[in-house]
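Please look over the structure shown here before reading the briefing on its helices, its nonpolar cores and a few individual residues.

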Amino acid sequence: MRAGSVTIKADWVMHADAWDLRLFQAVHAATQPSPVALMVARILADGPALLTAALLIGLIAVPCGEMRVSAFRAAGLAVAALMVNGLIGLLWDRPRPFVAGAGPAWIAHAATSSFPSNHLTAQWVIAGVLLLDRRTRPWGLIVAVLGLPMAWARVYLGVHYPSDMLGALGVAGLAMLSAWLVIRRRTRPLTPP
C-alpha cells in the first residue's frame with residue numbers, strides 16, 4: 001500500500017512540474033527578445049520593487065504617525081518573510097530555469113534557489129500589510145497590482161517558474177494573516193475575566 005501512495009505522490013509531482021514547465025515555456029522568451037521588449041521586461045522585473053521601497057520611505061517620512069507604523073510593520077514583515085524564503089531555499093534548493101536548462105536568462109542573476117520568488121514575496125507582503133490599514137489601503141492596492149507585471153517579467157526573463165510566484169503568494173499570504181492576527185489581538189478591547 002505504501003508503494004502505491006508513493007507512486008500517486010510521484011505522479012502528482014510530475015504532473016505539477018509538467019504544468020509548471022509548460023506555463024513557463026508559454027510566458028518565457030525562448031529567443032532573444034527585441035531591445036524594446038527586453039527593456040520593458042527588465043523595468044517591470046525590478047521597477048515595482050524600487051517604487052515600493054520609495055513608497056515605504058515616503059510613508060515613513062509623512063508626519064502621520066499611524067502611516068509610519070504601517071510602513072515599518074510592512075518593511076519588518078517583508079524581512080521576516082524573506083527569512084522564511086531563505087529557509088525554504090535551504091530545504092528545497094530548486095534550480096532556476098536557466099540553471100535547469102529550461103530556457104536562457106535574459107538578465108544577469110545568481111544561480112540561487114528559485115522557490116519562492118523573493119521579489120514578489122516582499123512586494124505582496126508589503127501590499128498586504130498596507131491593505132490592512134484603511135489609511136494606507138490605496139497604496140497597498142497599488143503595490144499589489146504592481147506585483148502582477150513583476151511576476152510576469154521575472155518568468156519572461158527566465159529567472160523564475162510560475163510556481164515560484166505562487167509560492168511567493170503563499171508565503172506573503174501567511175505573513176499577512178500573521179500580521180492581521182497580531183493587529184486584531186492588539187486592537188481587541190480587554191474584557192475582565
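The model is predicted, and it contains 7 helices and 0 strands, arranged along the sequence in the pattern α-α-α-α-α-α-α. Among contacts between residues at least 6 apart in sequence, 76% join residues that are at least 24 apart.

**Overall composition**

- Of the 193 residues in the protein, 37% are buried.
- The protein exposes about 11,200 Å², and carbon and sulfur atoms supply 72% of that area.

**Helices H2 and H3**

- Helix H2 (35-61) has 27 residues, which should span 39 Å at 1.5 Å a residue, and because its end C-alpha atoms are 37 Å apart, the model agrees with that expectation.
- The buried residues of H2 are Leu38, Ala41, Ala45, Gly47, Pro48, Thr52, Leu55, Leu56 and Leu59, and what covers them includes H3, H5 and H6.
- Helix H3 (65-91) also has 27 residues, and its reach from first C-alpha to last is 39 Å, close to the 39 Å expected at 1.5 Å a residue.
- In H3, the buried residues are Met67, Ser70, Ala71, Ala74, Leu77, Ala78, Ala81, Asn85 and Gly89.
- An α-helix has 3.6 residues a turn, so residues three or four places apart point the same way.

**Nonpolar cores**

- The largest nonpolar core holds 29 residues, of which Leu120, Val125, Ile126 and Leu130 touch the most other members.
- At least two residues of this core come from each of H2, H3, H5, helix H6 (137-156) and helix H7 (162-187), and H5 gives the most, with 8 residues.
- A second, separate core has 10 residues, among them Trp106, Ile107, Ala153 and Val159.

- Ile126 is found in helix H5 and counts as buried because its relative accessible area is 8%, under the 20% cut-off.
- Leaving aside residues up to four places away in sequence, Ile126 touches Thr52, Leu56, Ala74, Ala78 and Val143; of these partners, Thr52 and Leu56 are among the buried residues of H2, while Ala74 and Ala78 are among those of H3.
- Ile126 and Ala78 lie 48 residues apart in sequence, yet their C-alpha atoms are 6.3 Å apart in space.
- Leu130, with the same exclusion of residues up to four places away, touches Leu55, Leu59, Ser70, Ala74, Thr136, Arg137, Trp139, Gly140 and Val143; among these, Leu55 and Leu59 are buried residues of H2, and Ser70 and Ala74 are buried residues of H3.

- A polar atom of the Ser117 side chain lies 3.2 Å from the backbone nitrogen of Leu120, and Leu120 is one of the residues that touch the most other members of the largest nonpolar core.

Key:
Residues numbered from 1 in each chain as written. Predicted model: local features only at pLDDT ≥ 70, side-chain atom pairs only at ≥ 80, totals over all residues. Heavy atoms only, no water. Polar contact = N/O pair within 3.5 Å; in protein donor to acceptor, adjacent residues only side chain to side chain. Core = buried A, V, L, I, M, F, W, Y, C linked by side-chain atoms within 4.5 Å. Buried < 20%, exposed > 50% of the residue type's maximum accessible area, 1.4 Å probe, protein only. Helix = DSSP H or I, 4+ residues; strand = E, 2+ residues; numbered from the N terminus. Contact = heavy atoms within 4.5 Å. Expected span 1.5 Å × (residues − 1). Areas by Shrake-Rupley, 256 points an atom, 1.4 Å probe, with all protein chains shown as cover.
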